[in-house]
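Student: I would like to go through this fold step by step. Can we start with the sheet and then turn to the helices and the rings?

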Amino acid sequence: METAGSILIVEDHKSMRETLEIFFRRNGWAVEACDGGVEARRRLAAQPPFEIIVTDLVMPEVDGIEVLREVKRVDATMQVVVITAYAR
């Protein structure tokens with residue numbers, strides 16, 4: 001079965017990370033997931049580019065904006081979606 005593409009999910013809350021993994025896999029994506037920005041930086045350095053990165057905004061140590069900056073430094077063509085459960 002052909003995949004829709006590869007996606008990296010960066011989410012520190014396990015239940016949300018697993019929910020996103022299930023959703024994207026069911027919709028044909030090859031999914032990799034990390035539990036935060038520190039791990040995301042390692043994955044971005046070690047693996048070929050992903051088509052899409054979905055990252056939480058509010059995370060300890062390395063937040064979603066830092067993940068976005070790192071993604072664009074590695075490959076400016078990668079698409080990034082920033083999500084959050086925190087609203088103001």
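Student: Over how many bridges do β3 and β4 pair?
Tutor: This is a predicted model, where local features need pLDDT of at least 70, side-chain atom pairs count only at pLDDT 80 or more, and totals for chains, interfaces and linings use all residues. Residues are numbered from 1 along each chain as its sequence is written, and side-chain values use heavy atoms, leaving out hydrogens and water. Strands (E, at least two residues) and helices (H or I, at least four) are DSSP runs numbered from the N terminus, and two strands pair if DSSP finds at least two bridges between them. β3 covers residues 52-56, and its pairing with β4 is parallel, over 5 bridges.

Student: Which residue in β4 stands opposite isoleucine 53?
Tutor: Strands of a sheet pair through backbone hydrogen bonds, either parallel or antiparallel. Here β3 and β4 pair in the parallel sense. Opposite isoleucine 53 stands valine 80.

Student: Which are the edge strands of the sheet?
Tutor: The sheet is open, with 4 strands in parallel pairing and the order β2-β1-β3-β4. An edge strand pairs on one side only. That applies to β2 (29-34) and β4 (79-83).

Student: What angle does the direction of α1 make with that of β2?
Tutor: Contact means heavy atoms within 4.5 Å. Helix α1, residues 14-26, packs on the sheet and touches β1 (5-10), β2, β3 and β4. Axes are lines fitted to C-alpha atoms, for helices over the stretch in contact, and angles run from 0 to 180 degrees between N-to-C directions. For α1 and β2 the angle is about 170°.

Student: Is phenylalanine 24 buried or exposed?
Tutor: Phenylalanine 23 has a relative accessible area of 47%, so it counts as partly exposed. Phenylalanine 24 has a value of 15%. That makes phenylalanine 24 buried.

Student: Which residues do ring pairs link into a cluster?
Tutor: Rings of Phe, Tyr and Trp (its six-membered ring) pair if their centres lie within 6.5 Å; planes under 30 degrees apart count as stacked, over 60 as edge-to-face and the rest as tilted. Phenylalanine 23 and phenylalanine 24 are edge-to-face, at 5.1 Å centre to centre and 80° between the planes. Phenylalanine 24 and tryptophan 29 have ring centres 6.4 Å apart and planes at 90°, so that pair is edge-to-face. The cluster is Phe23, Phe24 and Trp29.

Methods. Buried means under 20% relative accessible area, exposed over 50%, partly exposed in between (1.4 Å probe, protein chains only).
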